[in-house]
Amino acid sequence: MVMFETLRDDYKRHGRSLTEPAFVSLAVYRYGRWAIGLKNPLLRWLAGKPYALMRILILNVTKVWIPPQVRLGRDFHIIHAEGSLSIHPDVVIGDRCGVMHNVTIGTNMGPGAPVIGDDVFIGVNSCVLGPITIGDRVRIGANTAVTTNVPPDSVVIGSPAKIYPSLPIFAAKKKAPEHE
């Protein structure tokens, strides 16, 4: 039943439309994730057949590639599914991550894939590549190529990426005197 609750939340988050490419792609991912998690090898094999068909027919249209091995946190949001989104099977993404279109999250021509924290935003045309860690509450700007670890509460822009260590709103909270 958890899968249906998650699908309902995906549906609400992506405009309450069964034809929204982002929702359809996430529904295919959720089904694939469920299928590979089946303990019975015969059932896993049988459930894999519709997934393979959906992957060929649907994902080639939506251009959103999220393999079922990817570990997505709660409230993952594909903000615009107008271009492509490609995520490597070994990627781990935290809760409340938002991703724009034309984004690649994966390896950098070698072993290891990114681990992305909670409350992260990845802008349009960006790449997050290699065995790196993206901290919580990071904002990755448009057209940014990230290949190094990024600490929490940072803004990353440019290609190659330049890391600005603290978002101004969080920096102001750190400097503000505490009232007792």
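Mentor: Leu42, Leu43, Trp45 and Leu46 make a nonpolar surface patch of about 430 Å². The model is predicted: local features need pLDDT of at least 70, side-chain atom pairs count only at pLDDT 80 or more, and totals for chains, interfaces and linings use all residues. Residues are numbered from 1 along each chain as its sequence is written, and side-chain values use heavy atoms, with hydrogens and water left out.

Trainee: What makes a patch?

Mentor: Patch residues have over 30% relative accessible area and no salt bridge; nonpolar side chains (Val, Leu, Ile, Met, Phe, Trp, Tyr) are joined within 5 Å, like charges within 9 Å. A salt bridge is a side-chain nitrogen of Lys or Arg within 4 Å of a carboxyl oxygen of Asp or Glu. Areas come from the Shrake-Rupley method with a 1.4 Å probe; for residues, only the protein chains shown count as cover.

Trainee: Why does Leu42 count as exposed?

Mentor: Its relative accessibility is 55%. Exposed means over 50%, buried under 20%, partly exposed in between. So Leu42 is exposed. Leu42 lies in helix α3 (residues 41-57). Helices (H or I, at least four residues) and strands (E, at least two) are DSSP runs, numbered from the N terminus.

Trainee: How many aromatic pairs does the structure hold?

Mentor: Two. Rings of Phe, Tyr and Trp (its six-membered ring) pair if their centres lie within 6.5 Å; planes under 30 degrees apart count as stacked, over 60 as edge-to-face, the rest as tilted. Tyr11 and Phe23 have ring centres 5.6 Å apart and planes at 70 degrees, so this pair is edge-to-face. Tyr11 is in helix α1 (residues 2-13) and Phe23 in helix α2 (residues 21-36), so the pair ties together parts twelve residues apart in sequence.

Trainee: Is Phe23 buried or exposed?

Mentor: Buried, at 9%. Tyr11, at 27%, is partly exposed.

Trainee: What makes the pair of Tyr31 and Trp34 tilted?

Mentor: The planes stand at 45 degrees, with 5.5 Å centre to centre. Tyr31 and Trp34 are three residues apart in helix α2, about one helical turn.

Trainee: Which strands stand at the edges of the open sheet?

Mentor: The order is β2-β5-β8-β11, with parallel pairing. β2 (71-72) and β11 (133-134) each have a single partner strand, so they stand at the edges.

Trainee: How do you know that β5 and β8 pair?

Mentor: Pairing needs at least two DSSP bridges. Strands β5 (residues 92-93) and β8 (residues 115-116) have two bridges, in the parallel sense. Ile93 has Ile116 in β8 as its bridge partner.

Definitions and conventions:
Buried means under 20% relative accessible area, exposed over 50%, partly exposed in between (1.4 Å probe, protein chains only).
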